[in-house]
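Here is a quick tour of a few spots worth a look in this model. Have the structure open and follow along.

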Amino acid sequence: MSSSDAILIASINNTTIQMNRYLPLIIFIFGIVGNILNTLVLSRRTLRTNPCALLFLVSSLSGIIAIISGLTTRLTAGWAVDLSETIGWLCKLRIFVLFVSRTMVIWFLVFASIDRWLSSCKDVQLRHLSSLKTSFRSILLVILFSIALNGPLLYCYEANLVGTPAKCYGFTAPCRLYTDLAFTCGNNVVPSLTMLLFGLLTIRNIHSMRSRVNNRQNSVLTQNSGAKTQQQQQKKTDRSLFRMLCVQILFLILCTAPYTIYRLYSTLTPPAASKPALQNAIEVLLFNFCTSLTYLATAMPFYIYTLCGGKVFRKEFYSVIADTFQKLKCA
């Protein structure tokens with residue numbers, strides 16, 4: 001190996017170290033703060049009775065779990081030692097909790113997109129399926145599916161591995177293939193296509209029926225002004241939630257696709273021991289960057305909702321701040 005290659009490899013390795021020190025810390029702070037604020041806003045009375053907002057709420061709670069389980073060890077690895085890389089049971093537990101929570105984050109959004117389609121349907125029976133009862137059933141289904149999909153990771157992952165992108169990784173080729181396919185299909189391709197499909201169907205419904213009915217009771221021919229105002233407010237909330245959902249879906253796909261592609265590339269190419277040192281250094285840098293992008297997708301929903309949620313979300317956010325200051329004054 002030439003001296004220029006050695007210098008380049010050292011520079012790439014140093015970039016990886018510095019990125020692992022500071023980027024996870026920034027994502028961790030913004031992610032925890034943002035998801036906590038999301039939880040406070042979405043749990044307010046005006047939003048928590050909306051089935052789509054309820055799914056956003058549990059998605060934010062899952063995001064907190066994903067950030068804590070995933071980034072805590074990455075933060076310690078940037079400055080000292082990542083215990084999950086050397087302790088077998090901790091490696092298995094961290095990976096299982098991380099991937100289960102990631103799967104829940106994504107699939108809660110899938111069911112939120114289905115709820116938006118149901119609420120925009122012309123058929124009254126389909127519209128009535130957009131309800132809190134359906135959302136609670138969806139939450140239970142997503143939890144069971146996420147555990148079942150990622151259960152094999154408790155067996156597949158081991159610590160202290162050599163020649164893999166991370167020391168806590170799948171220890172056999174079949175295990176790595178399963179984890180890659182499970183993440184690719186269960187966390188990326190299938191949910192992305194499903195959200196895209198129901199998003200397009202929702203847009204079609206909105207364009208074909210501008211004056212759709214969103215209340216959960218049978219329509220009546222005459223309504224008083226109070227009922228009309230309530231219906232208009234519900235329509236405004238639904239439009240804001242749909243806009244928030246569309247932007248988050250797009251951002252989620254952009255942030256998770258590079259990690260999916262890299263995982264498949266890593267599994268289908270020869271092991272690190274047979275690759276040049278420069279190529280290994282570049283791949284480690286890319287792996288860490290793509291991994292950080294997946295956490296960024298979990299950390300950004302609050303900021304997406306604030307920018308794209310219109311007056312509905314921002315009004316509730318301001319109310320949370322006002323209530324907090326009021327409580328502090330009283331204390």
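Let's start with Asp115. Leaving aside its neighbours within four places in sequence, Asp115 touches Pro51, Cys52, Ser130 and Ser131. Keep in mind that this is a predicted model. Asp115 sits in helix α4, which covers residues 88-120. Is Asp115 buried or exposed? With a relative accessibility of 5%, Asp115 counts as buried, because the cut-off for that is under 20%. Leu129 is 14 residues away from Asp115 in sequence, and their C-alpha atoms are 8.0 Å apart.

Next up is helix α6. Its 19 residues, 132-150, reach 27 Å from the first C-alpha to the last, close to the 27 Å expected at 1.5 Å a residue. Its residues sort out like this:

| Side of α6 | Residues |
|---|---|
| Buried | Ser135, Ser138, Ile139, Val142, Ser146, Leu149, Asn150 |
| Exposed, on the other side | Lys133, Phe136, Arg137, Leu140, Leu144, Ala148 |

The buried residues of α6 are Ser135, Ser138, Ile139, Val142, Ser146, Leu149 and Asn150. They cover an arc of only 110° around the axis, so they end up on the same side of α6.

Last, have a look at where two helices cross. The axes of α1 (residues 3-42) and α11 (residues 301-308) come within 7 Å, at a crossing angle of roughly 55°. That angle makes α1 oblique to α11. On the α1 side, the contact involves Phe30, Val33, Gly34, Leu37, Asn38 and Leu42, while α11 brings in Pro301, Phe302, Tyr303 and Tyr305. What is the make-up of this contact of α1 with α11? Its residues divide into 8 nonpolar and 2 polar, with no charged ones.

Terms used
Residues numbered from 1 in each chain as written. Predicted model: local features only at pLDDT ≥ 70, side-chain atom pairs only at ≥ 80, totals over all residues. Heavy atoms only, no water. Helix = DSSP H or I, 4+ residues; strand = E, 2+ residues; numbered from the N terminus. Expected span 1.5 Å × (residues − 1). Buried < 20%, exposed > 50% of the residue type's maximum accessible area, 1.4 Å probe, protein only. Arc of directions from axis to C-beta. Axes fitted to C-alpha atoms, helices over the stretch in contact; angles between N-to-C directions. Parallel < 35°, antiparallel > 145°, perpendicular 65-115°, else oblique. Contact = heavy atoms within 4.5 Å. Nonpolar A, V, L, I, M, F, W, Y, C, P; charged D, E, K, R; others polar.
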